[in-house]
Amino acid sequence: MAEMGSKGVTAGKIASNVQKKLTRAQEKVLQKLGKADETKDEQFEQCVQNFNKQLTEGTRLQKDLRTYLASVKAMHEASKKLSECLQEVYEPEWPGRDEANKIAENNDLLWMDYHQKLVDQALLTMDTYLGQFPDIKSRIAKRGRKLVDYDSARHHYESLQTAKKKDEAKIAKAEEELIKAQKVFEEMNVDLQEELPSLWNSRVGFYVNTFQSIAGLEENFHKEMSKLNQNLNDVLVSLEKQHGSNTFTVKAQPRKKTKLFSRLRRKKNSDSAPDKGNKSPSPPPDGSPAATPEIRVNHEPEPAGGASPGATIPKSPSQPAEASEVVGGAQEPGETAASEAASSSLPAVVVETFSATVNGAVEGSSGTGRLDLPPGFMFKVQAQHDYTATDTDELQLKAGDVVLVIPFQNPEEQDEGWLMGVKESDWNQHKELEKCRGVFPENFTERVQ
């Protein structure tokens, strides 16, 4: 009998729940169709929006914090392996072996301590903070269901009151159900109306405490790690002093292509023989006075006659008269000195140098030119190691030398890992690009500007 009674109660509850679900579904359909009004609370809806936003932000923060902890653990493992490698290669007779081993042990302990403190002071706090959201979310959903029950009971009561044939017994029962539904809804609503704003305001303090804890732990960790690294550096410096003759030297990347200037010389020599079918004279061979025409930039005022000397190129027997008058007259809009020089069949090196210099002079007149730098200047580098040139087209570098980097005339001439430039000291002294420029290994320098 007890089992039957128990089963009867269970069956009754199931039937009641099913009836409630059907009633709620019917009420929601009527509300969506506009046939029944819905109780609205805009203030509460704003609280729910804030709650959902807060939950989303907290979930993301928890995920990112776990990712950060995983990264710390991975760095710990990598650091541990690196320390083990140092212990293995550090030979027993070398000085400072015991100190190096002790530093490795302290390094491992420091990583473990940092990870554990992050878990205790950040992750667990994060988990506790997010632990309150599921219950509140469930209560918000339950309040929504109770609100539908209240609206349904209210509509049922109103329909009985407006019916033509009134049944006082049904009206009394409907009123009793309405009062009961209203009471349940209002109790839940009042509690959430108090908790949600409080929870929303608590986010500021939580974020501050969480990130302050992480920042403080990371700061202390790096301070302690810096001390260990300094101690390890001292040990290695001591080892270097006792074995100074076996220092490691930085090597330049090998050059695979033919040397640049030797190719330029071969090209000039091959072009020195005039072509019978070409009426334009060829440039003279290397070494002749006209091989590299002198380029001057005149900043003096324009003569009274109206002709501006500009930049002039002295004539030579192997060049036509037009070449010396490339910039003698006024330039028409749209024309450049480089195109005029090119049309006069000047050597490519001269044309580029001439174009950059004239352009620099024009810019200099407006206050924006940089005549103190070589044509095509890109950036500065400083030599970090000495480099001994192994060919005539390479620069000899000493640690501390500043080099002005310029582009290769032919990009195909550039070898990987090598740059073209002129030492700043040579440029300031001679201002002659052809005599001072050369190639140098990039890995021996560091960019400074």
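pLDDT is the predictor's confidence in each residue, from 0 to 100. Keep it at hand for the views below, which all come from a predicted model.

**View 1. Confidence along the chain.** The chain averages a pLDDT of 76, and 68% of the residues score at least 70. Helix α2 (residues 42-89) has the highest confidence in the chain, at 95, whereas helix α7 (residues 321-324) has the lowest, at a mean of 41.

**View 2. Two stretches with pLDDT under 50.** Residues 1-7 stay under 50 in pLDDT, and the model gives them zero contacts beyond four places in sequence.

**View 3. Helices α3 and α5 side by side.** Here we look at helix α3 (residues 97-131) and helix α5 (residues 168-242), whose axes come within 10 Å and cross at roughly 175°. Angles over 145 degrees count as roughly antiparallel, and α3 and α5 are therefore roughly antiparallel to each other. Sorted by class, the contact of α3 with α5 has 17 nonpolar, seven polar and five charged residues.

View 4. Side chains of opposite charge can pair when their charged atoms come close. In this view, D64 and R60 form a salt bridge through their side chains, with 3.7 Å from N to O. The two residues, D64 and R60, are four residues apart in helix α2, so about one helical turn separates them. The structure as a whole holds 12 salt bridges.

**View 5. The five-stranded sheet.** Five strands make up an open sheet in the order β6-β5-β4-β3-β7, and their pairing is antiparallel. At the edges lie β6 (438-441) and β7 (445-447), each of which pairs on one side only. On average, neighbouring strands of this sheet are turned by 50° against each other, direction ignored.

**View 6. Strands β3 and β4 up close.** Strand β3 (residues 379-383) pairs with strand β4 (residues 402-406) in the antiparallel sense, over four bridges. Which residue in β4 is the bridge partner of Q382? That partner is V402.

Methods: Residues numbered from 1 in each chain as written. Predicted model: local features only at pLDDT ≥ 70, side-chain atom pairs only at ≥ 80, totals over all residues. Heavy atoms only, no water. Axes fitted to C-alpha atoms, helices over the stretch in contact; angles between N-to-C directions. Parallel < 35°, antiparallel > 145°, perpendicular 65-115°, else oblique. Nonpolar A, V, L, I, M, F, W, Y, C, P; charged D, E, K, R; others polar. Pairing = 2+ DSSP bridges. Contact = heavy atoms within 4.5 Å. Salt bridge = Lys/Arg side-chain N within 4 Å of Asp/Glu carboxyl O.
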